[in-house]
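Have a go at each task before you read its solution.

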Amino acid sequence: MSNQSVSLSLPRAQLTGHGLEFSDSSLGQALALGAFLLQIPSSLDVNPGFEICRNFYRPRRDAQDVLRGHREAPHERSKLGYEDRPNQVEQLQIESHLWREYFPLPITRLLGAIKVVTLQALRHLFEASGVHQDHWATITGGTLDETSLCYTTLNHYRSGVRGTLGIVEHTDSGFITVIAADQPGFEIYHQGMWQAVPLEPGCFIVNLGDAYQILTAHLRLPGHAVLHRVIETVPVRDTPDRSSFTVYMGPNFDMSLYQYSGSGALEVYQSFRAFSVLKAQGMGYGFHDRV
Ligand SMILES: [Fe+2]
């Protein structure tokens, strides 16, 4: 792959009472690319999310210091938790049913609101691709109000770790990921080259993942699992390290991935856990040992 980097302008959407509304009728382009910008609703303040990204890895000063101390904390009820990645990034991943237990209220509220946005976007995209509403529960393991696995990832990009990417190139494994970032550095592999996605502070970046791509491969509007990475971040004096946080939705690891056949039948594709283990190995990551 080339290291050349040019700028990529993503399709842009906003959520209305009718679902996602894309400017310039770019829904098809967004599905083909597997990524688009989603305007952050004006009622949402994403700053508490960045605040916890800038603190979760630091040692706790006292028992009230709830933003910190997550590197050492066992997060026993979570199957995910803290991970020191081989790249610049260190991550804290917590499932949505545990947000209230491990995070302060402003973070829980923010993530809950982003979860609603994520679900609305996913439902709209599924409908556009041609996924039958009757199959939602089978495919996602949830109901129309839920998928069986939803978690947040808080990312701290350690500018002091040099000579490696922010995060290595990968596709996300689930259906959809909604990302908020405070600095540029996000890139998408498109048309044979890495292309930088300019930072738009008023927008989330939305990615489609492997489970979406596999499911819709033979449908009328298939969605692509976008290959993405974060380039190396360098220390800048008096500027915090790069932060981002995401809300992810996918099937549970004990479920199967599904795919619509060419004739429109819904068929089991592969165990999601087996798929995820193989993928993590390919990235040089250990798969979550508690899953
Ligand atoms: Fe990702």
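**Exercises on a sheet and its helix**

In β3, phenylalanine 22 is the bridge partner of alanine 13. Residues are numbered from 1 along each chain as its sequence is written. The model is predicted: local features need pLDDT of at least 70, side-chain atom pairs count only at pLDDT 80 or more, and totals for chains, interfaces and linings use all residues. Helices (H or I, at least four residues) and strands (E, at least two) are DSSP runs, numbered from the N terminus.

**Exercise 1.** Work out the reach of helix α4 and what follows the helix.

*Solution.* Count first: α4 (residues 105-129) has 25 residues. The expected span is 1.5 Å times one less than the number of residues. For α4, 36 Å is expected, and the helix reaches 36 Å from its first C-alpha to its last. Then step just past α4, where glycine 130 takes a positive phi of about 105°.

**Exercise 2.** Which residues of α4 are buried?

*Solution.* Apply the cut-off: a buried residue has 20 or more other C-beta atoms (placed from the backbone) within 10 Å of its own. Among those of α4 are Ile107, Leu110, Lys115 and Phe126.

Definitions and conventions: A residue is buried if 20 or more other C-beta atoms lie within 10 Å of its own, exposed if 12 or fewer, and partly exposed in between; C-beta atoms are placed from the backbone. Two strands pair if DSSP finds at least two bridges between them.
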